[in-house]
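Student: Can you walk me through this one? I want the overall picture and then some helix packing.

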Amino acid sequence: MPVLDLQRFDVDIPLARLLPEIQARRYLALLLRDQGDSCLLGLVDPNNLRAQDAISQLLKRPVDVVQVDKEALLATLDRVYGKTDQIGEFAREVERNIERDANIVDLDKMGTVLDDVDAPVVKLLQTIFDHAAQVRASDVHIEPQEKRLVVRYRIDGALHVQAEADLKIASPLVVRMKLMAGLDIAEKRLPQDGRIAVRSGLHKLDVRMSTLPTLYGESVVLRILMQQQGLVALTDTGMDQQVFRRFEAAIRAPHGIVLVTGPTGSGKTTTLYGALQMLNQPDVKILTCEDPVEYRMAGIVQVQTNDKIGLDFARVLRSFLRQDPDVIFIGEIRDQETAQIASRAAMTGHLVLSTLHTNDALSTPGRLADMGIPPYLIASTLLAVVSQRLVRLCCPHCVAPHEPDADEMQWLLHSLGRDQLPQGAKLMRGCGCPRCNGIGYRGRTGVHEILTMTPALARTLRSGTLHDFEAAAQQELAGATIAQHVLQLVLDGKTTVAEAMKIASWDEG
């Protein structure tokens with residue numbers, strides 16, 4: 001019996017869908033190819049003659065069978081049949097139920113059927129979570145518009161519309177999610193935040209829920225963390241060897257401050273969690289102060305702030321200093337008091353890891369100075385600053401050579417500082433395929449730059465101005481900036497010119 005590797009087979013999705021999903025999953029079968037007089041069928045159990053006969057009668061043609069791996073088949077079936085159509089179907093079913101009930105939502109009844117998998121609202125939510133996990137979405141946006149309810153997913157940093165439904169289903173959908181997150185279903189005028197633990201098929205999801213009252217109803221954003229994926233190791237964040245070596249040396253120091261900077265959603269927390277993994281040893285006491293705690297780590301004491309009861313960053317950090325820590329991780333340095341406590345902790349023999357919102361590594365000492373930290377204290381405590389962005393990678397399954405347009409070519413030549421592309425440059429672009437949901441990108445990687453506080457830079461910061469420091473630090477960074485890192489990814493064919501130009505615009509900002 002011939003065996004077919006589905007991971008290397010380009011599935012014809014319209015053809016595969018000629019076999020209904022119910023039969024495909026019942027018989028663990030996949031329609032692979034139309035051979036004219038017969039069809040090629042992939043089966044997990046090629047000895048299942050009943051399945052062959054049933055599918056042959058359904059297709060009204062004989063079938064030729066090849067054996068396929070079960071795990072690969074199930075993943076392929078999820079990709080072929082998807083969940084977008086089901087989202088729309090369940091949304092319409094919710095709409096019909098509401099119309100039958102004269103637009104009156106029985107909140108008590110909805111609370112009692114939380115585990116009723118036949119309830120349309122529950123099925124709609126289950127389908128949304130299933131699909132989000134399948135396409136690797138980091139966020140689900142459920143947004144009421146003037147006449148429609150729009151569901152969008154953020155995949156690899158970009159938003160994509162997945163479904164639209166009647167606005168009437170928004171209220172029961174939000175109520176159900178509030179019940180799951182333990183929020184006040186009667187409060188619709190104020191924003192609320194909650195957390196939901198979801199088990200969806202093989203996926204275990206940790207979902208952060210945020211509601212916001214808008215003109216047409218409550219907008220909901222669900223931040224999805226797939227716990228089984230685990231943390232990203234520091235070696236897998238995309239750091240090149242030079243940046244990695246310098247960053248590792250900084251976090252191995254006995255005391256001082258190490259900062260990771262960049263805009264929201266640039267992977268700063270992921271990088272620092274990778275550093276904590278590296279430092280997490282039985283003889284090292286690590287305390288974290290976060291808002292919220294995104295990943296739970298064994299062997300580390302993690303504290304989530306709660307501004308409603310006065311448990312803010314500054315109060316937690318003051319308590320940390322009495323807990324005899326070796327390493328302190330602060331989710332973000334937001335204000336002057338937090339910055340001062342972090343500097344004091346670094347001065348008294350603790351290693352402090354944190355994030356800061358600056359556009360590049362050079363402007364970080366200036367930002368700390370704006371928060372009231374004296375330059376001499378910055379020079380004494382700051383060990384290193386890593387600035388980073390996330391870049392989408394070309395889908396490896398549909399990548400093809402790309403001819404840049406005039407604007408892209410002008411940007412390339414300007415960035416290279418020459419009048420022609422270097423020999424061996426491979427400009428590529430994803431064409432869009434089922435594996436990347438037609439986007440052309442699949443996955444992201446980090447691009448980094450690191451500024452280490454050398455003795456010379458520390459002397460300049462103590463005795464000169466911030467302008468003098470930035471001029472000296474610019475020379476320290478020469479040849480190893482974010483822009484040069486992302487440009488190399490373009491020339492290696494790993495990302496597109498358009499994606500690199502977005503990163504360049506951030507740096508210019």
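This is a predicted model: local features need pLDDT of at least 70, side-chain atom pairs count only at pLDDT 80 or more; totals for chains, interfaces and linings use all residues.

Student: What does the secondary structure of the protein chain come to?

Tutor: The protein chain has 19 helices and 18 strands. Its C-alpha trace spans about 85 × 65 × 50 Å along the principal axes.

Student: And how much of the protein chain is buried?

Tutor: Of the 509 residues, 48% are buried.

Student: What share of the contacts with a separation of 6 or more comes from residues 24 or more positions apart?

Tutor: Those residues account for 65% of such contacts in the protein chain.

Student: On to helices. At what angle do H7 and H8 cross?

Tutor: Helix H7, residues 120–134, and helix H8, residues 170–181, cross at roughly 75 degrees. Their axes come within 10 Å. The two helices are therefore roughly perpendicular to each other.

Student: Which residues of H7 and H8 meet?

Tutor: From H7 there are Val121, Val122, Leu124, Leu125 and Phe129. They meet Pro172, Leu173, Arg176, Met177 and Met180 of H8. By class, that contact has nine nonpolar residues, no polar ones and one charged.

Student: What about H16 and H17, parallel or antiparallel?

Tutor: H16 and H17 are roughly antiparallel to each other. Helix H16 covers residues 455–463 and helix H17 covers 466–477, and they pack at an angle of about 165 degrees with axes 8 Å apart.

Student: Is the crossing of H16 and H17 left-handed or right-handed?

Tutor: The crossing of H16 and H17 is right-handed.

Student: Which residues make that contact between H16 and H17?

Tutor: On the H16 side they are Leu457, Thr460 and Leu461. On the H17 side they are Leu466, Asp468, Phe469, Ala472, Ala473 and Glu476. Sorted by class, the contact has six nonpolar, one polar and two charged residues.

Student: Next, H10. What span should its twelve residues have?

Tutor: Helix H10 takes in residues 268–279, and at 1.5 Å a residue it should span 16 Å. The C-alpha atoms at its ends are 17 Å apart, which agrees.

Student: How many of the twelve residues in H10 are buried?

Tutor: Nine of the twelve are buried, so H10 is largely enclosed by the rest of the structure. Among them are Lys268, Thr271, Tyr273 and Leu279.

Student: How does H9 pack on H10?

Tutor: H9 and H10 pack at about 60 degrees, with their axes 11 Å apart. That angle makes H9 oblique to H10. The crossing of H9 and H10 is right-handed.

Student: Which residues are in the contact of H9 and H10?

Tutor: Phe244, Phe247, Glu248 and Ile251 come from H9, and Thr271, Ala275, Met278 and Leu279 from H10. This contact of H9 with H10 divides into six nonpolar residues, one polar and one charged. Thr271, Ala275, Met278 and Leu279 are also buried in H10.

Student: Last topic, Val232. Where does Val232 lie?

Tutor: Val232 lies in the loop between strand E9 (217–226) and helix H9 (241–251). Its relative accessible area is 36%, so Val232 is partly exposed.

Student: What does Val232 touch?

Tutor: Leaving out residues up to four places away in sequence, Val232 touches Thr237, Thr270, Gly274 and Gln277. Gly274 is one of the buried residues of H10.

Student: And how far apart are Val232 and Gln340?

Tutor: Val232 and Gln340 are 30 Å apart in space, C-alpha to C-alpha, and 108 residues apart in sequence.

Technical notes:
Residues are numbered from 1 along each chain as its sequence is written. Side-chain values use heavy atoms; hydrogens and water are left out. Helices (H or I, at least four residues) and strands (E, at least two) are DSSP runs, numbered from the N terminus. The expected span of a helix is 1.5 Å times one less than its number of residues. Buried means under 20% relative accessible area, exposed over 50%, partly exposed in between (1.4 Å probe, protein chains only). Contact means heavy atoms within 4.5 Å. Axes are lines fitted to C-alpha atoms, for helices over the stretch in contact, and angles run from 0 to 180 degrees between N-to-C directions. Angles under 35 degrees count as roughly parallel, over 145 as roughly antiparallel, 65 to 115 as roughly perpendicular and the rest as oblique. A crossing is left-handed if the near helix is turned anticlockwise from the far one by less than a right angle, and right-handed if clockwise. Ala, Val, Leu, Ile, Met, Phe, Trp, Tyr, Cys and Pro count as nonpolar, Asp, Glu, Lys and Arg as charged, and the others, Gly among them, as polar.
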